[in-house]
Amino acid sequence: MSIARLVQNFSQRRALIASRDARAIEALTGTLQKLGLGVEGIEAGESGLDLGGAGADPARDILFLDGDLNLGATSSPEAVLPAIPVIGLVGVEAPSRLRTLVTAGATAFLPKPVYGGSVYSALYLGVNEHARRARLQADVEELEARRRLRRHVIRAVVDLMAARGIDDEAAYQIIRREAMRERLGLETYCERLALQRAGSSHVDTASPTLRAAAD
């Protein structure tokens, strides 16, 4: 996984503040505006807050979520990162409040009362940690997708071995070269072969390119 550049400048971003603490809202608004962010207040409905759903821009928005609110069903499904970074505002350091913020996907915390000097650090950590987790999640999803397609690779190798009387290494290298020639990932290429050979009994009749490579 490549290392992405850390975000240091938050100007032109939008801070969404979910809090009823007037003092915290005032302190946050003043500091965030000095850092170049737009600021909007949001309210939690009966079903909680929409963590990055309709109306939220993952490339721009950052949610400041007050743990002292009655958040109800506000949460992200297990192992699913919310679409936008969440920074938890912590007033009462009770385990239940902290657990709610963690469940909501908070990647940084900002204690109350809010002091201007601590806002940038929370922004830096919250946004960059969210981006890091998003990259890791994308990598895991890609690996899982490749794992599911591995059966097509195995099938293609076995069929080519049977059709040409060659060993597994030779069959694999042939398929690998063809995938590279087609500029496709190995798993994707073999999935395409599986679709091509539907109704056929051999790889060489389903894939002219493989037949030519094997000859």
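Reply: Helices are DSSP runs of H or I with at least four residues, strands are DSSP runs of E with at least two, and both are numbered from the N terminus. This is a predicted model, in which local features need pLDDT of at least 70 and side-chain atom pairs count only at pLDDT 80 or more, while totals for chains, interfaces and linings use all residues. Residues are numbered from 1 along each chain as its sequence is written, and side-chain values use heavy atoms, with hydrogens and water left out.

Leu123 sits in helix H3. Its relative accessible area is 0%, so Leu123 is buried. Here buried means under 20% relative accessible area, exposed means over 50%, and partly exposed lies in between (1.4 Å probe, protein chains only).

Now look at what Leu123 touches. Contact means heavy atoms within 4.5 Å. Setting aside residues up to four places away in sequence, Leu123 touches Phe10, Leu32, Leu35, Leu37, Ile62, Phe64 and Ile87. Take Phe64 from that list. Along the sequence, Leu123 and Phe64 are 59 residues apart. In space, their C-alpha atoms are 9.6 Å apart.

Next comes Ile87. Neighbours within four places in sequence are again left aside. Ile87 is then in contact with Ile62, Leu63, Phe64, Leu65, Ala108, Leu110, Ala122, Leu123 and Gly126.

These residues lead to the core. A nonpolar core is a set of buried Ala, Val, Leu, Ile, Met, Phe, Trp, Tyr and Cys residues joined through side-chain atoms within 4.5 Å. The largest one has 18 residues. Leu28, Leu32, Phe64, Ile87, Leu110 and Leu123 touch the most other members. At least two residues of this core come from each of S1, helix H1 (22–34), S3, S4, S5 and H3. H3 supplies the largest share, 4 residues.

Two strands pair if DSSP finds at least two bridges between them. The open sheet has 5 strands, ordered S2-S1-S3-S4-S5, with parallel pairing. Strand S2 (38–41) and strand S5 (106–111) stand at the edges. Each has a single partner strand, so one side of each is left without a neighbour in the sheet. From one strand to the next, the twist averages 25°. Axes are lines fitted to C-alpha atoms, for helices over the stretch in contact, and angles run from 0 to 180 degrees between N-to-C directions. Strand S1 (residues 14–18) pairs with S2 in the parallel sense, over 4 bridges. In S2, Val39 is the bridge partner of Ala15.

Helix H3 (residues 116–164) packs on this sheet. H3 touches strand S3 (61–66), strand S4 (86–90) and S5. The direction of H3 makes about 170° with that of S5. Between S5 and H3 runs a loop, and Pro113 lies in this loop. The peptide bond from Lys112 to Pro113 is cis, with omega near 0°.

Strand S3 also holds Asp66. Asp66 is buried too, at a relative accessible area of 2%. The side chains of Asp66 and Ser19 are joined by a polar contact of 2.7 Å. A polar contact is a pair of N or O atoms within 3.5 Å; within protein, one must be able to donate a hydrogen and the other to accept it, and residues adjacent in sequence count only if both atoms are side-chain atoms.

For contrast, visit Gln12, in the segment before S1. At 66% relative accessibility, Gln12 counts as exposed. Its phi is near 75°, a positive value in a residue other than glycine.

Last, step back to the whole chain. The chain contains 7 helices and 5 strands. From the N terminus on, its elements run β-α-β-β-β-α-β-α-α-α-α-α. Of its 215 residues, 37% count as buried. Among contacts with a separation of 6 or more, residues 24 or more positions apart account for 61%.
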